[in-house]
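Take a look at the backbone and the sheet in the structure below. A short report comes after it.

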Amino acid sequence: MLIRAFVPAHITAFFAPVKGEDPLHTGSVGAGVNLSKGTSVFVSVEAGTLERHIHVAFNGEPVKREGAVISYSVAEEIVPRDFTGEVEIWQYFDFPSGYGFGNSAGGALGTALGLGYAFGGTWLGVARIAHRHEVVNGGGLGDIVAQLAGGIEVRVKAGGPGVGVVDNLFFENYRVLVVPLGPLHTKEVLDGDVIKSIEVEGRKALEGLLREPSPERMMALAREFAERTGLLSGELLELARELDRVLSNPSSMIMLGKGLFALVSEEELGRAKNLLADLDVPYDAAGVYRERPKVGRWVG
């Protein structure tokens with residue numbers, strides 16, 4: 001049996017981490033956007049061997065457990081202990097890992113959905129498993145509930161699936177411009193001195209968005225959050241200001257990655273691409289993914 005799951009890439013615009021009494025009550029509040037590009041996970045299940053074997057690969061390359069702790073942990077919990085056979089999990093990412101596109105959560109959730117489809121369970125049940133292993137292993141806090149919601153999302157209550165509360169903003173015809181320049185490690189940032197500023201400014205941004213809920217307001221608040229926390233600075237801030245000259249909405253920093261994103265019209269996307277090409281800066285673009293993730297049998 002071959003199963004395919006697709007989980008949208010997710011960019012966090014601003015956030016405030018929330019530590020709860022257990023992983024399912026731990027997460028983040030904030031806002032962000034889901035993209036039409038993301039993570040595709042192919043799950044192959046073949047019974048008949050003498051033992052239970054689980055294998056994970058990233059972009060076609062086999063990965064040992066220490067390089068994919070979250071995905072292996074999800075798989076080991078969902079695949080029945082008495083199953084004898086081969087389980088192969090192939091994860092393909094449209095964006096580089098560590099750049100703030102929710103690849104860790106995409107791989108965890110895609111793995112959970114594919115295995116849930118194969119072995120039984122519910123969306124909520126397997127998504128909770130994925131969230132728990134994300135939190136315990138330092139992968140992320142709010143990506144999974146955001147990816148389940150789709151669209152331009154607002155996390156109004158922190159927690160995993162079934163605990164956290166996620167709302168959505170109405171929007172029309174926006175494309176998402178992304179400028180991925182390099183990685184940041186979530187755990188290092190959340191363990192640093194900046195965390196207190198993130199907690200204060202993230203809550204403040206969420207309150208502002210709930211008072212005036214719109215994609216345009218989200219981008220303005222995201223930029224304020226990024227600058228006030230000091231996360232957006234130096235050359236990245238200068239590049240954001242360059243982009244602002246050709247866009248109607250401010251660009252902001254991808255949380256957490258060394259890169260920028262913006263909500264743009266088709267006309268603005270063309271102008272931004274020309275600017276970034278002149279500056280010799282890498283960029284990509286995607287639509288806003290409006291649905292929940294997908295999973296089903298793969299027939300090629």
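The model is predicted. Four strands make up an open sheet, in the order β9-β10-β8-β11. Their pairing is antiparallel. β9 and β11 are the edge strands. Each has a single partner strand, so one side of each lacks a neighbour in the sheet.

Look at the β9 end. β9 and β10 pair over two bridges, in the antiparallel sense. Ser252 stands opposite Phe261 in β10.

## The helix across it

## A cis peptide bond

Most peptide bonds are trans. The bond from Met255 to Leu256 is cis, with omega near 5 degrees. Where is Leu256? Leu256 sits in the loop between β9 (252-253) and β10 (257-264).

## Two positive phi values

Most residues other than glycine have a negative phi. Asn59 is not a glycine, yet its phi is positive, near 50 degrees. Asn59 is in the loop between β3 (52-58) and β4 (61-63).

Asp280 is not a glycine either, and its phi is positive at about 60 degrees. Asp280 lies in the loop between α9 (266-278) and β11 (284-287). Asp280 has 70% relative accessibility, so Asp280 counts as exposed. The cut-off for exposed is over 50%.

Note on methods:
Residues are numbered from 1 along each chain as its sequence is written. This is a predicted model: local features need pLDDT of at least 70, side-chain atom pairs count only at pLDDT 80 or more; totals for chains, interfaces and linings use all residues. Side-chain values use heavy atoms; hydrogens and water are left out. Buried means under 20% relative accessible area, exposed over 50%, partly exposed in between (1.4 Å probe, protein chains only). Two strands pair if DSSP finds at least two bridges between them.
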